[in-house]
Amino acid sequence: MESTVAITATPTVETKLRAEHISMSFTRDGESMPVLEDINLEVGNGEFLCLLGPSGCGKSTLLSIIAGFLSPTSGEVKIDGEIVRGPDPRRIFVFQERGVFPWLTVEGNIGFGLFKLTRAERDRRIAHYIKMVGLEGFGKSYPSELSGGMKQRLEVARALAVNPDMLFLDEPFGALDSITRLIMRGELLRIWEAERKTIIFVTHDIDEAVQLADRVAVMSARPGRIQEIVNIDIPHPRDINSARYLELRTGIFNQIGLAHHL
Amino acid sequence: MPSPWGVVGGLVDLTSHGLLVKYVVASLFRVTWGFTLAAILAIPLGLTIGWYRRAEMAFNPLIQFLRPISPLAWIPIAILWFGVGDLSAIFLIFLSCFFPLLLTAINAVRNIPAVYINAGRNFGLSPGALVYRVLYPAVVPQLIVGLRITLGIAWLVVVAAEMIAVNSGLGFLIVDARNAGNRYDLVVAGMVLIGLIGLLLDIGMRSLEKVKSFRWSYSEE
Ligand SMILES: Nc1ncnc2c1ncn2[C@@H]1O[C@H](COP(=O)(O)OP(=O)(O)OP(=O)(O)O)[C@@H](O)[C@H]1O
Ligand SMILES: [Mg+2]
């Protein structure tokens with residue numbers, strides 16, 4: 001039944017990424033250790049998804065599989081309907097601040113992936129992203145001359161400069177102090193709202209997940225499984241004292257099995 | 001023992017006979033060739049071996065077996081193969097530089113943090129570009145340190161080699177001055193020259209470490 005008019009159809013978000021039955025085990029001392037068990041996950045185009053789970057549950061492993069750095073023991077990841085077979089410049093992985101190249105300046109780092117562009121276009125993009133992440137005046141500085149937060153912003157700028165459609169962030173703010181962390185979350189949201197990339201963000205911080213994500217995938221301890229997916233139905237900017245925020249946060253606390261009183 | 005003035009006199013003596021420049025050039029010539037040849041062969045080989053874990057496992061026993069043999073122990077074989085002359089001395093210097101440089105290169109590759117390689121692959125670099133834009137800059141600081149230390153070794157070995165395998169150069173000067181009438185002023189003058197040139201070589205290599213894009217690893221952490 002082909003219909004030429006689609007007025008009645010509600011605009012559904014198209015699926016960007018689909019992970020199907022992902023399992024992963026590592027062998028250690030000759031013994032196979034399961035790290036991920038039957039992970040199924042769907043991420044919509046332009047969505048901000050947080051992977052939340054205790055340390056060692058396999059979040060980084062899952063993100064590396066999704067990014068194509070690791071092959072799963074079984075299962076597959078499809079992005080735009082294509083099976084992921086390796087890393088791809090359309091999807092950039094942001095490591096912790098250690099990921100910037102220390103032998104390149106800020107400009108060199110941001111321009112790293114832009115080798116196919118003309119010089120003028122490259123310079124234009126570098127200037128644009130230096131400004132976007134607030135590193136004006138540091139273009140000629142080396143990473144060793146930057147603070148942790150600046151290095152982190154630099155890495156985000158390097159990722160955005162190649163105009164990827166997905167960003168994978170593995171605890172990108174984990175090494176920062178709590179004030180810088182809050183500021184960086186705000187900046188990431190601002191960039192996300194401006195560019196609408198699909199983002200998968202790994203964290204073990206419940207507040208961070210509820211502040212940032214459209215949906216939070218809560219993982220169990222190793223072997224990691226997806227326990228629950230929580231919809232964060234609060235519009236941005238989020239009031240972190242609102243009843244709904246606290247309710248969702250409490251829900252996740254209970255899901256993970258944490259008590260409220262220390 | 002000669003007085004300091006005697007040594008100065010010896011230096012003047014050497015200069016006036018044109019021997020000072022001649023011997024210094026002869027020694028530097030051998031060091032340059034031996035050292036450069038070793039660097040050209042050992043560094044690419046070491047980087048390749050370090051990159052492939054299997055290659056390292058295969059080569060390691062051989063490297064560890066040959067490495068502790070002093071280059072001076074090769075002197076008789078060098079003379080047998082190359083005769084008494086420049087070639088023997090260059091071969092000995094080559095040997096003395098080859099293994100330290102090989103090991104430096106192997107370790108430098110193995111120490112590259114995986115995040116740099118992964119980031120390079122993520123941005124879609126071809127294998128050649130990955131070598132040129134990630135692997136090479138990541139290993140340069142360690143290589144420079146290795147080259148500096150190795151050049152010092154080469155300078156030690158050239159003097160020893162010249163005492164036996166050739167008849168020019170600063171090492172030869174020392175042996176010859178003693179044999180030809182116990183001219184200890186010339187012996188000490190030769191020692192002073194060796195020390196001085198060693199110092200200059202080290203200063204030259206250190207200035208490489210100051211190049212900013214090479215310097216990153218020294219300022220990190
Ligand atoms: N290459 C590997 N070889 C063997 N075991 C590994 C490897 N990578 C990860 N593991 C193991 O898999 C488990 C999950 O690791 P992973 O890094 O994915 O956890 P994580 O959830 O990211 O933890 P964290 O929050 O601390 O970063 C850990 O027990 C780890 O020891
Ligand atoms: Mg992790």
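Chain B has ten helices and zero strands. Along the sequence the pattern is α-α-α-α-α-α-α-α-α-α. This is a predicted model: local features need pLDDT of at least 70, side-chain atom pairs pLDDT 80 or more, while totals for chains, interfaces and linings use all residues. Residues are numbered from 1 along each chain as its sequence is written.

Overall values for chain B follow.

| Property of chain B | Value |
|---|---|
| C-alpha box along the principal axes | roughly 70 × 40 × 25 Å |
| Buried share of the 221 residues | 47% |

Buried means under 20% relative accessible area, with a 1.4 Å probe and protein chains only. Of the chain B contacts with a separation of 6 or more, 76% join residues 24 or more positions apart. Contact means heavy atoms within 4.5 Å.

In chain A, helix H4 (residues 148-161) packs on helix H5 (residues 178-195) at about 15 degrees, axes 11 Å apart. H4(A) is therefore roughly parallel to H5(A) (angles under 35 degrees). The crossing of H4(A) past H5(A) is right-handed, meaning that the near helix is turned clockwise from the far one by less than a right angle.

On the H4(A) side, Gly149(A), Gln152(A), Arg153(A), Val156(A) and Leu160(A) make the contact. They meet Thr180(A), Met184(A), Glu187(A), Ile191(A) and Glu195(A) of H5(A). The residues of this contact divide into four nonpolar, three polar and three charged.

Conventions:
Chains lettered and ligands numbered in written order. Heavy atoms only, no water. Axes fitted to C-alpha atoms, helices over the stretch in contact; angles between N-to-C directions. Helix = DSSP H or I, 4+ residues; strand = E, 2+ residues; numbered from the N terminus. Parallel < 35°, antiparallel > 145°, perpendicular 65-115°, else oblique. Nonpolar A, V, L, I, M, F, W, Y, C, P; charged D, E, K, R; others polar. Buried < 20%, exposed > 50% of the residue type's maximum accessible area, 1.4 Å probe, protein only.
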